[in-house]
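Please load the model in your viewer and keep the selection tool handy. We will go from stop to stop, and at each one I will tell you what to pick.

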Amino acid sequence: MDAGSAVMSPEIVYLNGEFIAAAAAKISVFDRGFLFGDSVYEVIPYYRGVGFRLAEHLVRLRHSLEAIRIPADLDWPALLDELVARNGGGNLSVYLQVSRGSAGRRTQVYDGSLQPTVFACCTPIRDIYASGADSVQGYRVIVTADLRWHRCDIKATGLLPNILVLQQAKEAGADEALMIRDGLLTEGGSSNLFMVKNGVLYTPKLGSEILGGTTRDLVLTLAREAGIPYQETDLTYEQLLAADEVWISSSTRAVVPVLEVDGQPIADGQKGPLWRRMFELFTHLQHRLMTGE
Ligand code: PLP
């Protein structure tokens, strides 16, 4: 095995009932996911071959499918567990996409006869528990306009606004873009937002302007259990810059400290104490669930 092959994506994917080599997987050019972004998705981490918060991801998948009225009800845990096993288990991020399918021609309206297209694949991820808090690289972020639609609670594949802001961040030398709409911060291009002020944890409240992150939910649960006060509330740019700590959260990254916003350091520009505590709570739970220790 050469050095590059260790980080290559595993080869077996799931497509419409089959586990096949990625190179052999083909869908119609008339698939509505391809033509219109008429599809939803999930990204689910597996550690040591076991899905982390799989049930919570599947609740959100059901919400997304119902919201855009795609009738797909498979045995998702069995399907995803088998995909992971066929790719050797271990630490993998599973991508699952369900599109409305293909009518064999391009037409915007649809009828109930379509067969959804179901696709899943995986990529390797690292185990953050094993690598520890010191190995986590703090983020630099930019803040930019939130140009998305008003159903951001649906995890839809139409990610053009997210792609544009993430690219904008990358070109500015940053790691993530936080978005702002009508004077209020919403979330990151691919993450939820948290800030800490005077020992209280704050995050934007749930609604149609943000995705209900499974990691966001877990962070709040851990905060509650640990007696860390928190509020789900409106947050402004000025509050963000004056925060003691800023974090982002997502399934494959857990919680990441933000050290700089638009070139300005947050507090002393170092990883904060509450982040370290949350990282520890988070990764210990993850480790316990994976190993039973
Ligand atoms: N918000 C957006 C826009 C996302 O794309 C993501 C994840 O990809 C999240 C939030 C975090 O969600 P989760 O914690 O379930 O990964």
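Start with Glu176, which counts as buried because its relative accessibility is 0%; buried means under 20% relative accessible area, exposed over 50%, and partly exposed in between (1.4 Å probe, protein chains only). A word on the ground rules: this is a predicted model, where local features need pLDDT of at least 70 and side-chain atom pairs count only at pLDDT 80 or more, while totals for chains, interfaces and linings use all residues. Residues are numbered from 1 along each chain as its sequence is written, and side-chain values use heavy atoms, with hydrogens and water left out.

**The partner of Glu176**

The side chains of Arg253 and Glu176 form a salt bridge, at 4.0 Å from N to O; the term stands for a side-chain nitrogen of Lys or Arg within 4 Å of a carboxyl oxygen of Asp or Glu. Arg253 sits in the loop between strand E13 (245-250) and strand E14 (254-261) and Glu176 in strand E8, so the pair ties together parts that are 77 residues apart in sequence. Helices (H or I, at least four residues) and strands (E, at least two) are DSSP runs, numbered from the N terminus.

Is Arg181 buried or exposed? Arg181 is buried, with a relative accessible area of 12%. Setting aside neighbours within four places in sequence, the contacts of Arg181 include Asp146, Arg148, Trp149 and Glu209, where contact means heavy atoms within 4.5 Å.

Next, select Asp146, Arg148, Arg181, Glu187 and Glu209 together: a network of salt bridges links them. Within this group, Asp146 and Arg148 pair at 2.9 Å, N to O. Asp146 is buried at 6% relative accessible area, and Arg148 is buried at 10%. If you search the whole structure, you will find 16 salt bridges.

Move to helix H3 (residues 76-86), and colour its buried residues: Trp76, Leu79, Leu80, Leu83 and Val84. These cover an arc of only 130 degrees around the axis, which puts them on the same side of H3; the arc is that of the directions from the helix axis to the C-beta atoms. Show their surroundings, and you will see them pack against several elements, among them helix H2 (54-67), strand E3 (39-47) and strand E5 (92-99).

Now pick Arg86 and Glu82, a salt bridge whose closest N and O atoms are 2.7 Å apart. Being 4 residues apart in helix H3, the two are separated by about one helical turn. Arg86 is partly exposed at 46% relative accessible area, and Glu82 is partly exposed at 33%. After H3 comes Gly88, with a positive phi near 95 degrees.

**Last stop: the two domains**

Finally, colour domain 1 (12-124) and domain 2 (133-291) separately; such bounds come from an automatic or database domain assignment. The contact between them takes 23 residues from domain 1 and 22 residues from domain 2. How many Å separate the centres of domain 1 and domain 2? Taken over C-alpha atoms, the separation is 26 Å.
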